[in-house]
Amino acid sequence: MDASNRSCLNDSYNRPISYLRVSVTDRCNYRCVYCMPPNGVPMRSREEILRYEEIALVVRAAASLGISKVRLTGGEPLVRPQLAELVKALSHVPGIDDLALTTNGALLSRYARELARAGLRRVNVSLDTLRPQRFRQITRYGDLEPVLQGIAAAQKAGLAPLKINTVVVRGLNLDEVADIAGTTLVQDWHVRFIELMPLGEECLAPSPGAADPADVTQPGGFVPVAEMVQAIEAALGPLEPAKLVGGNGPARYYRLSGARGTVGFISPVSEHFCYQCNRLRLTADGRLRPCLLSEGEIDLRAPLREGATVEELKGLIVQAAVAKPERHRLPQRQVPRSRIMSEIGG
Ligand code: SAM
Ligand code: SF4
């Protein structure tokens, strides 16, 4: 669609809403310690999860309102069968010019080529450690090697720029931030270090040594971005500001001297970026969620199954945009408890 013909969806605070994150499943082949309890969470039945045609209809409605960027996530999106079919359908929706995927990478070497052929543009791969044993400890199930192979397969398939998401947790991988940032010296990777958010049961225990042990906005293991920067610069030298990398998300990007890739930081807790938030989220069971860190949701599944038209869906999407809060309320100790990250689509 010609950008000049595009309509624009604004929220009540005049923020343009151009980005939809779609969770395609609440299932996952890992149980990352900061995301899920050890035994997982009760999974929704197949009937409760939106069908691909339903997701495509929502995306068509959203695109006609001005959404131009879609990211598939989960749970682990690659555990849902025939994901490439959804990618293909979405890649043909007029107005969607950026179609991306966030994955733990375990199955990426199997699907990277098929997804790229179906119209996927790029992937973000979550990688919290470069040490095999620690990888198993963090994911509770995973092996590091297939993920590294998945990253290589994504690069070979032309899924670029390739971003790596690293959630930093004290006592788990803070001692590795310099090693992980150092990969950008030799690899064309864009590594983004992310602050731990208080979304999983496991994370709600206060940090040992936290200034205020009752402060639920400082989950167990929380590390502020400033401390990550300090650890990286102490080991590898100064981080120079770099240009934004693909998309228009909340990361701030830097580059180590002579590096091929970049190092980014995402600080939802220590320095909120709500003022520039441009996104809505669609949960796997068909709820439109205006804010990751606030509880409000609008049901699209019932209207979809009652035969809602695209115009009716557009009305509900506008309602979700209007309901978007100005900012999250973690500082007021309001932590979302109805769903964990894997259920919302992080
Ligand atoms: N399974 C896929 C993956 O791991 O990339 C996609 C879903 S996962 C929920 C999306 C992102 O959320 C991952 O990068 C993950 O590390 C991040 N995440 C999960 N729980 C988090 C938390 N409590 N705080 C910050 N990031 C979190
Ligand atoms: Fe699964 Fe991703 Fe959550 Fe890890 S972060 S448990 S891979 S959904």
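**Ligand shell, pocket and cavity in the predicted model**

The lining of the second largest pocket comprises six nonpolar, three polar and nine charged residues, where Ala, Val, Leu, Ile, Met, Phe, Trp, Tyr, Cys and Pro count as nonpolar, Asp, Glu, Lys and Arg as charged, and the others, Gly among them, as polar. The structure is a predicted model, in which local features need pLDDT of at least 70 and side-chain atom pairs count only at pLDDT 80 or more, whereas totals for chains, interfaces and linings use all residues. Residues are numbered from 1 along each chain as its sequence is written, chains are lettered from A and ligands numbered from 1 in the order in which they are written, and side-chain values use heavy atoms, with hydrogens and water left out.

This pocket is lined by 18 residues, with Val-24, Arg-46, Ile-49, Arg-80 and Pro-81 nearest its centre, and holds about 410 Å³ of space. Pockets and cavities were defined on a 1 Å grid over the protein atoms alone: a cavity is a set of points where a 1.4 Å probe fits but cannot get out, a pocket is an open set with protein on both sides within 12 Å along at least five of seven lines, and lining residues have an atom within 4 Å of a point. Grid points are joined across faces, edges and corners, and a volume is the space filled by probe spheres set on the points.

One cavity of 30 Å³ or more was found by this rule. The largest cavity has a volume of about 60 Å³ and is lined by Leu-78, Arg-80, Gln-82, Leu-83, Ala-84, Tyr-111, Glu-114 and Leu-115. Five of these lining residues are nonpolar, one is polar and two are charged. Helix 2 (83–91) and helix 3 (108–118) each supply at least two residues of this lining, and helix 3 contributes the most, with three; helices (H or I, at least four residues) and strands (E, at least two) are DSSP runs numbered from the N terminus.

Around ligand 1 there are 17 residues, of which Tyr-34, Gly-75, Glu-76, Ser-126 and Met-197 come nearest; a residue is near a molecule if one of its heavy atoms lies within 4 Å of it. By class, this shell has six nonpolar, nine polar and two charged residues. Among the polar contacts (pairs of N or O atoms within 3.5 Å), a polar side-chain atom of Tyr-34 lies 3.0 Å from a ligand oxygen atom, and a polar backbone atom of Gly-75 lies 3.0 Å from a ligand nitrogen atom. An N or O atom in the side chain of Asn-165 is 3.4 Å from an oxygen atom of ligand 1. The protein covers 95% of the 550 Å² of accessible area that ligand 1 has on its own, as given by the Shrake-Rupley method with a 1.4 Å probe. Strand 3 (98–103) and strand 5 (162–168) are the elements that give two or more residues to the shell.

Conventions: Polar contact = N/O pair within 3.5 Å; in protein donor to acceptor, adjacent residues only side chain to side chain.
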